[in-house]
Amino acid sequence: MQRRIFDADHEAFRETVRTFLAKEVLPHYEQWEKDGIVSREAWRAAGRQGLLGLAVPEEYGGGGNTDFRYAAVIAEEFTRAGAPGLAIGLHNDIIGPYLTSLATEEQKRRWLPGFCSGETITAIAMTEPGAGSDLQGIRTSAEDRGDHWVLNGSKTFISNGILADLVIVVAKTTPEGGAHGLSLLVVERGAEGFERGRNLDKIGQKAQDTAELFFNDVRVPKENLLGEPNGAFLHLMTNLAQERMGIAIAGIAAAEHLLEITTAYVKEREAFGRPLSKLQHIRFEIAEMATECAVTRAFLDRCIVDHSNGELDHVHASMAKWWATELQKRVADRCLQLHGGYGYMSDYRVARAFTDGRIQTIYGGTTEIMKEIIGRSLLG
């Protein structure tokens with residue numbers, strides 16, 4: 001089916017992204033995976049190319065374009081390239097809105113130019129060893145000391161955790177914490193008492209640095225409070241729909257790309273003297289996956305347009321995230337199976353997609369949490 005949500009400007013931007021990937025990312029990606037981290041120069045190159053801060057106002061060095069379809073193009077092309085390590089989506093679409101919508105004028109002028117140039121890499125620290133999707137369980141705390149906060153606690157599974165120059169930390173600022181006692185504090189590189197643990201060894205997305213973070217009596221200036229005191233819960237809920245949309249877009253893009261790869265493979269691979277594509281079982285497998293992808297794409301494109309128009313609610317974002325990522329997981333498994341032994345070899349794209357994509361149903365809210373959100377909206 002022909003997609004109708006993009007115009008000529010979006011497609012021109014798509015070519016820019018593909019050129020950037022071919023020149024600045026793919027030649028280095030194998031080394032980044034071995035290193036467990038991408039180079040800072042790649043971030044600066046993304047800034048020079050205008051891929052960072054698309055929605056940041058021009059006066060702070062950004063693109064001044066809030067059309068979410070451009071973010072969708074980046075997510076699709078990075079997914080098709082198999083290059084999740086350079087976490088531009090996290091930087092632009094998850095962390096960017098906190099800085100543009102909550103930061104004071106002084107904070108914007110201090111942080112956003114580097115955010116857009118790639119000199120300042122960002123992370124957000126929510127997850128703790130004992131608290132994942134349940135924000136009520138956060139134990140990291142910040143004590144008000146007049147002109148500063150004293151931050152103590154730890155976070156884990158933090159994407160960009162090693163590279164990050166700015167970390168938005170979710171912390172308790174009242175004894176009870178929870179929905180009415182969490183705040184967002186920005187911790188900057190070099191703060192005394194702020195330590196990074198090991199770069200965590202994951203089964204996939206090897207080039208994406210994911211770290212433990214530790215805060216031991218870290219003095220956070222009052223001017224580094226982001227948004228309202230004790231208002232983090234509402235701030236976090238406001239931005240989750242866009243985070244989940246970014247993950248969903250990557251999910252359907254991955255499924256479609258795997259289907260393309262596998263369709264080509266079964267036409268070429270022979271068994272019992274004829275191509276695999278001549279076997280009815282193989283044709284049925286391809287037909288089922290193609291239909292599921294087409295139906296999911298129609299829903300996702302509608303959600304992209306609605307979100308670009310400011311009309312997407314958190315329930316439909318949760319539906320998109322749940323369905324697209326579970327589809328990605330199913331398609332990756334079936335495509336690997338159709339590749340046979342070659343599918344298990346890490347130098348085949350399908351094998352890397354299988355491991356890289358497994359996190360999709362977990363981060364940004366697990367599938368189970370998505371179902372709970374949807375169920376509550378229907379049943380109260």
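Colleague: Over residues 236-379, how much of the chain is helix and how much is strand?
Modeller: This is a predicted model, in which local features need pLDDT of at least 70, side-chain atom pairs count only at pLDDT 80 or more, and totals for chains, interfaces and linings use all residues. Residues are numbered from 1 along each chain as its sequence is written, and side-chain values use heavy atoms, with hydrogens and water left out. Helices (H or I, at least four residues) and strands (E, at least two) are DSSP runs, numbered from the N terminus. The end C-alpha atoms of this stretch are 23 Å apart, and its content is 75% helix and 3% strand.

Colleague: Is Thr361 buried or exposed?
Modeller: Thr361 is in the loop between α9 (349-356) and α10 (367-379). Buried means under 20% relative accessible area, exposed over 50%, and partly exposed in between (1.4 Å probe, protein chains only). The relative accessible area of Thr361 is 6%, so this residue is buried.

Colleague: Which residues is Thr361 in contact with, leaving aside its neighbours within four places in sequence?
Modeller: Contact means heavy atoms within 4.5 Å. By that criterion the partners of Thr361 are Lys321, Thr325, Glu326, Lys329, Thr366 and Thr367.

Colleague: How many disulfides does the structure hold?
Modeller: A disulfide is a pair of cysteine sulfur atoms within 2.5 Å. The sulfur of Cys293 is 8.1 Å from the closest cysteine sulfur, in Cys335, and that is too far for a bond. Cys303 is in no disulfide either, as the nearest cysteine sulfur, that of Cys293, is 16 Å away. The number of disulfides is 0.

Colleague: How are the rings of Phe13 and Tyr70 arranged?
Modeller: The structure holds 6 aromatic pairs; rings of Phe, Tyr and Trp (its six-membered ring) pair if their centres lie within 6.5 Å, and planes under 30 degrees apart count as stacked, over 60 as edge-to-face and the rest as tilted. Phe13 in helix α1 (residues 8-35) and Tyr70 in helix α3 (residues 68-81) are 57 residues apart, and both are buried. Their ring centres are 5.3 Å apart and the planes are at 80°, so the pair is edge-to-face.

Colleague: Which residue has its charged end over the ring of Trp149?
Modeller: A charge sits over a ring if NZ of Lys or CZ of Arg is within 6 Å of the ring centre and within 35 degrees of the ring normal. At 5.1 Å from the centre of the Trp149 ring, the residue is Lys222.
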